[in-house]
Amino acid sequence: LLQKWRDCNFYLDLVQKGLEDYLEAKRNSFARFYFLSNDELLEILSQTKDPTRVQPFLSKVFEAMARVEFGGKAGEITSMLS
């Protein structure tokens with residue numbers, strides 16, 4: 001049982017390292033992601049098909065932007081509000 005526990009911890013560490021590397025790569029591609037926690041960044045990345053779900057994070061990523069309004073085509077931003 002102890003060995004299984006150690007094996008699970010080893011694999012958990014590997015998965016966590018892989019996730020951190022993935023998030024770091026995303027942050028390197030868009031520097032404003034550095035203003036977000038890992039949980040917030042994962043939330044944004046997991047909601048790529050629904051752009052309205054990023055509203056709570058806009059003020060952390062973009063200075064003086066409170067929200068955006070969507071209209072027209074699906075996912076098209078029509079205005080930015082501060």
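**Exercise 1. Decide whether A64 is buried or exposed in this predicted model, and find what stands out about its phi.**

Step 1. Start with the accessibility: A64 has a relative value of 60%. The cut-off for exposed is over 50%, so A64 counts as exposed.

Step 2. Now place A64 in the chain. A64 sits in the loop between α3 and β1.

Step 3. Look at the backbone. The phi of A64 is near 65 degrees, which is a positive value in a residue other than glycine. For comparison, most residues other than glycine have a negative phi.

**Exercise 2. Describe E63: where does it lie, and how far is it from S82 in space?**

Step 1. E63 is found in the loop between α3 and β1.

Step 2. Its relative accessibility is 76%. Exposed means over 50%, and E63 is therefore classed as exposed.

Step 3. Along the sequence, E63 and S82 are 19 residues apart, while their C-alpha atoms are 8.8 Å apart in space.

**Exercise 3. Work out how β1 and β2 are arranged, and describe the hairpin that they form.**

Step 1. Find the strands: β1 covers residues 67-70 and β2 covers residues 77-81.

Step 2. Find the direction of pairing. The two strands pair in the antiparallel sense, over four bridges. As a landmark, R67 stands opposite L81 in β2. In a regular strand, the side chains alternate between the two faces of the sheet.

Step 3. Follow the chain through the turn. Six residues lie between the strands of this hairpin, and G72 has a positive phi near 65 degrees.

Step 4. Pick out another residue here. A74 is in the loop between β1 and β2. With a relative accessible area of 84%, which is over the 50% cut-off, A74 is exposed. The C-alpha atoms of A74 and R53 are 13 Å apart, with 21 residues of separation along the chain.

**Exercise 4. Compare L58 and S59: is each one buried, partly exposed or exposed?**

Step 1. Locate them. L58 is in helix α3, and S59 is in helix α3 too.

Step 2. Take L58. Its relative accessible area is 9%; buried means under 20%, so L58 is buried.

Step 3. Take S59. Its relative accessibility is 49%, a value between the cut-offs of 20% and 50%, so S59 counts as partly exposed.

Step 4. List the neighbours of L58. Leaving aside residues within four places in sequence, L58 is in contact with M65, A66, R67 and V68.

Step 5. Check two distances between C-alpha atoms. L58 and E76 are separated by 16 Å and are 18 residues apart along the chain. S59 and N28 are separated by 20 Å and are 31 residues apart along the chain.

**Exercise 5. Describe the surroundings of E40: which residues does it touch, and what does its side chain reach?**

Step 1. E40 belongs to helix α2, which spans residues 38-46.

Step 2. Its relative accessible area is 16%. That is under the 20% cut-off, so E40 is buried.

Step 3. The side chain of E40 reaches the backbone nitrogen of S37 at 2.9 Å.

Step 4. Not counting residues up to four places away in sequence, E40 touches F57 and K60.

**Exercise 6. Characterise the largest pocket: what is its volume, and which classes of residue line it?**

Step 1. The volume of the largest pocket is about 200 Å³.

Step 2. Its lining is made of 14 residues, and those closest to its centre are I44, V54, L58, V61 and F62.

Step 3. Trace the lining back to the elements. Helix α3, β1 and β2 each supply at least two residues.

Step 4. Sort the lining by class: there are 14 nonpolar, no polar and no charged residues.

Conventions. Residues numbered from 1 in each chain as written. Predicted model: local features only at pLDDT ≥ 70, side-chain atom pairs only at ≥ 80, totals over all residues. Heavy atoms only, no water. Pairing = 2+ DSSP bridges. Buried < 20%, exposed > 50% of the residue type's maximum accessible area, 1.4 Å probe, protein only. Polar contact = N/O pair within 3.5 Å; in protein donor to acceptor, adjacent residues only side chain to side chain. Contact = heavy atoms within 4.5 Å. 1 Å grid on protein atoms, 1.4 Å probe; cavity = no way out; pocket = protein on both sides within 12 Å on 5 of 7 lines; lining within 4 Å. Points joined across faces, edges and corners; volume = space filled by probe spheres on them. Nonpolar A, V, L, I, M, F, W, Y, C, P; charged D, E, K, R; others polar.
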